[in-house]
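Thanks for coming. I have one structure to go through today, and I will keep to what can be read from the coordinates.

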Amino acid sequence: MYFEFDPTYLQETIDNLLSNAVKYSSPKDHIVVTVHKNDNFVVTEIKDYGAGIPENELNNIFKVFSKASPQPTSGEHLSGLGLAIAKKVVEMHKGTIGVESTVDQGSTFHYSLPLL
């Protein structure tokens, strides 16, 4: 299983998704990271059990300076840039990024990168 990626940019994407999972989860919540092959893609999923994102906000969270209504659990600063940058990086790698979320149950962010 092989795929091409820029390690610096992909690390930034993973760091952003993980830090968001931590920001929106309680200290005792678990965060689950999985990586698996699906057809001709490597899929990475980051699942948290935090606040979740309202359905009517999901279409905007990958836009520059967009912020969802749930607030970080420890008052962390938000710029509204992280998910927009993650989306750009994944798309530059010819991949896709998305999210499933339920309020008060958490979110699962996922991205897929094509195999060679």
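**Fold, sheet and turns**

Start with the contacts in the protein chain: among those between residues at least 6 apart in sequence, 56% join residues at least 24 apart. Contact here means heavy atoms within 4.5 Å.

A word on the source. This is a predicted model, where local features need pLDDT of at least 70, side-chain atom pairs count only at pLDDT 80 or more, and totals for chains, interfaces and linings use all residues. Residues are numbered from 1 along each chain as its sequence is written, and side-chain values use heavy atoms, with hydrogens and water left out.

The protein chain has two helices and four strands, and along the sequence they follow the pattern α-β-β-α-β-β. Helices (H or I, at least four residues) and strands (E, at least two) are DSSP runs, numbered from the N terminus. The chain has 116 residues, and 42% of them count as buried. Buried means under 20% relative accessible area, exposed means over 50%, and partly exposed is in between, with a 1.4 Å probe and protein chains only. The accessible surface is about 7,200 Å², with 54% of that belonging to carbon and sulfur atoms. These areas come from the Shrake-Rupley method with a 1.4 Å probe; for residues, only the protein chains shown count as cover.

Now the sheet. In what order do the strands of the open sheet run? The order is β1-β2-β4-β3, with antiparallel pairing. The edge strands are β1, residues 31-38, and β3, and each pairs on one side only. From one strand to the next, the twist averages 15°. Two strands count as paired if DSSP finds at least two bridges between them. Strand β2, residues 41-48, pairs with β4 in the antiparallel sense over seven bridges, and V42 has L113 in β4 as its bridge partner. β3 and β4 are also antiparallel, over seven bridges, and there G98 is partnered by H110 in β4.

On to the helices. α1 lies across β1, β2 and β4, running at about 170° to β4. For such angles, axes are lines fitted to C-alpha atoms, for helices over the stretch in contact, and angles run from 0 to 180 degrees between N-to-C directions. I14 lies in α1 and counts as partly exposed, at 27% relative accessibility. The C-alpha atoms of I14 and I46 are separated by 8.8 Å, although the two residues are 32 apart along the chain.

Helix α2 covers residues 82-92, and its buried residues are G82, L83, A84, A86, V89 and V90. What do the buried residues of α2 pack against? They pack against α1 (7-23), β3 (96-102) and β4 (106-114). Just after α2, K94 takes a positive phi of about 65°.

Most residues other than glycine have a negative phi. D39 sits in the loop between β1 and β2, and its phi is near 60°, a positive value in a residue other than glycine. Is D39 buried or exposed? D39 is exposed, with a relative accessible area of 63%. The β3 and β4 hairpin has three residues between its strands, and D104 in the turn has a positive phi of about 65°. D104 counts as exposed, at 66% relative accessibility.

That is what I have.
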